[in-house]
Amino acid sequence: MIGENNPEINVDELMAKIRHEVAKPKGQPQRVIKSSNTDTSNLTLHLSYVESFLKNAEDRAYTRTKWPDKLNRFPFNLSKKFQKATLKLLNFLFKDQREINFNLLQALRESVFINGQLIAEISSLKTQLNEHLQTVDTQLQTTHERLQTVDTQLQTTRENYIRNDSYVKNDLMQQKRLIGLFFDEARRRLPAPFDQEQMQTFVNEDEHLLDAFYVAFEDYFRGSHEDILNRLKVYLPLIEQGNVGTPDAPILDVGCGRGEWLELLRDSGYISKGIDINRVMIEQCQARALDVMAADAIDYLQTLPENSLGAITGFHIIEHLPFKVLMRLFAETVRVLKPQGLVIFETPNPENILVGSNNFYLDPTHHHPLPSATIRFMAEISGLCNIQVMKLHPYPENQQVKGEDLAQRFNHYFYGCQDYAIVGYKHE
């Protein structure tokens, strides 16, 4: 009865058809998932677990055609006919359930397939998004570099403008002073001609025509205000050890220039004064409330009494002086210093070949390089003692040659200290 109404072959054909329909998309999700990137690997792994569960469920959902081995043992080892009849009865009773199970399996497989496609789409979109973001990042980086270049160019243009503007203003002030002086003298003398004294006044003014130029030159080649200020800090321990910069032992800076050393001394609590012949630099120093006056170094020192100063300093001044004037500077320095008074003179170091052969001559007002041995001898012969030579400002290490003996000697002569300072003391 069961066999006639529900022949087994019909069930098998139905199952074969279902398996065929279920198996159609079976390989597609795997190919799609295979192409997903590492960001979707967890989702792909979960889908693999679901696939294995579905496979196991599908195997269990097929029509049973064989008596289970476990039931072949006593007391379940029934006759073959009874086993076959039992199986047909069970298959008939659970036919609807199997159909439901296969429908659920089909629905789940469709879900797995759709999820696989979604994973592939997410991976593709993520890849496209990453490529787009990378392109945007590259464009932003290029734009940033261009903006930096433009900013650097603008900064350079601004600095050049400020420097040129400062030079023009200072030069015009000098020209205005000279013209005003000329008219004042002319009003006093006209219609009489200029006498020798008045003509000498104009000659003296002529010496200051390049003051504005030299200020601009110093700003360009010497370094910024902050750079020089930081370089000069190396001398503060000498000032402290010498017990100078007090009311009874003040410091005189000859050729004070832009006043960085005086500013550093003032901020450190020391009493100091500066002299220079460049009127523009003097005005700049006075604008910063520094004690500076216009005077020639030798002429001013000759006005001072003996043993009246605690220290005399000069930074990049002695290379501007002829030999006889330099000897007079040392003689007057020793005369006006108090016993144990301090002397500091810094100058370019010609032992560095690049300095001695090129950099020194960038300044057209320099006379000639001064080897440290020569200046040391001049200091000793003038009466200074405990003389030391401080080698300063070598080139950065990243500009030096790497290596041992020969490279070190090369670095010493080409990339070594660009300046040195003679430090000495007056005898007690």
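Trainee: What makes the contact between the side chains of E380 and R376 a salt bridge?

Mentor: In this predicted model, the N to O distance between the side chains of E380 and R376 is 3.6 Å. A salt bridge requires a side-chain nitrogen of Lys or Arg within 4 Å of a carboxyl oxygen of Asp or Glu, so the pair of E380 and R376 qualifies. Both residues belong to helix α16 (residues 372-382), where they are four residues apart, about one turn of the helix.

Trainee: Why is E380 called partly exposed?

Mentor: Its relative accessibility is 43%. Buried means under 20% and exposed over 50%, so E380 falls in between. R376, at 31%, is partly exposed as well.

Trainee: How do you know that R335 forms a salt bridge with E332?

Mentor: The closest N and O atoms of R335 and E332 are 2.9 Å apart, and the limit is 4 Å. The two residues are three apart in helix α14 (residues 323-336), so about one helical turn separates them. R335 is partly exposed at 24%, whereas E332 is buried because its 15% is under 20%.

Trainee: Where in the chain are the partners E263 and R288?

Mentor: E263 is in helix α11 and R288 is in the loop between α12 and β3 (292-294), so this pair links distant parts of the chain, 25 residues apart. Their closest N and O atoms lie 3.3 Å from each other, which makes a salt bridge under the 4 Å limit. E263 is buried at 13%, while R288 is partly exposed at 28%. The structure holds six salt bridges.

Trainee: Why is the pair of Y235 and W261 described as edge-to-face?

Mentor: The structure holds 10 aromatic pairs. For Y235 and W261, the ring centres are 6.2 Å apart and the planes stand at 85°. Y235 lies in the loop between α9 (225-232) and α10 (236-241), and W261 in helix α11 (residues 260-267), so the pair ties together parts that are 26 residues apart in sequence.

Trainee: What makes the pair of Y235 and F315 tilted?

Mentor: The angle between the planes of Y235 and F315 is 50°, with 5.2 Å centre to centre. Stacked needs under 30 degrees and edge-to-face over 60, so this pair is tilted. F315 is in strand β4 (residues 309-315), 80 residues from Y235. Y235 is buried at 0% relative accessible area, and F315 is buried at 10%.

Trainee: How do you know that N352 is buried?

Mentor: N352 has 1% relative accessibility, and the threshold is under 20%, so it counts as buried. N352 is found in the loop between β5 (337-348) and α15 (353-357). Leaving aside neighbours within four places in sequence, its contacts include Y395, F414 and Y415. Y395, F414 and Y415 also belong to one aromatic cluster, together with F410.

Trainee: Why can L118 take part in a nonpolar surface patch?

Mentor: L118 is partly exposed, with a relative accessible area of 46%. Patch residues need over 30% and no salt bridge, so L118 passes the area requirement. I114, L118 and I122 make the patch, which covers about 270 Å². L118 is found in helix α6 (residues 95-189).

Notes. Residues numbered from 1 in each chain as written. Predicted model: local features only at pLDDT ≥ 70, side-chain atom pairs only at ≥ 80, totals over all residues. Heavy atoms only, no water. Patch = residues over 30% accessible without salt bridge, like charges linked within 9 Å, V, L, I, M, F, W, Y side chains within 5 Å. Areas by Shrake-Rupley, 256 points an atom, 1.4 Å probe, with all protein chains shown as cover. Buried < 20%, exposed > 50% of the residue type's maximum accessible area, 1.4 Å probe, protein only. Contact = heavy atoms within 4.5 Å. Phe/Tyr/Trp six-rings, centres within 6.5 Å; stacked < 30°, edge-to-face > 60°.
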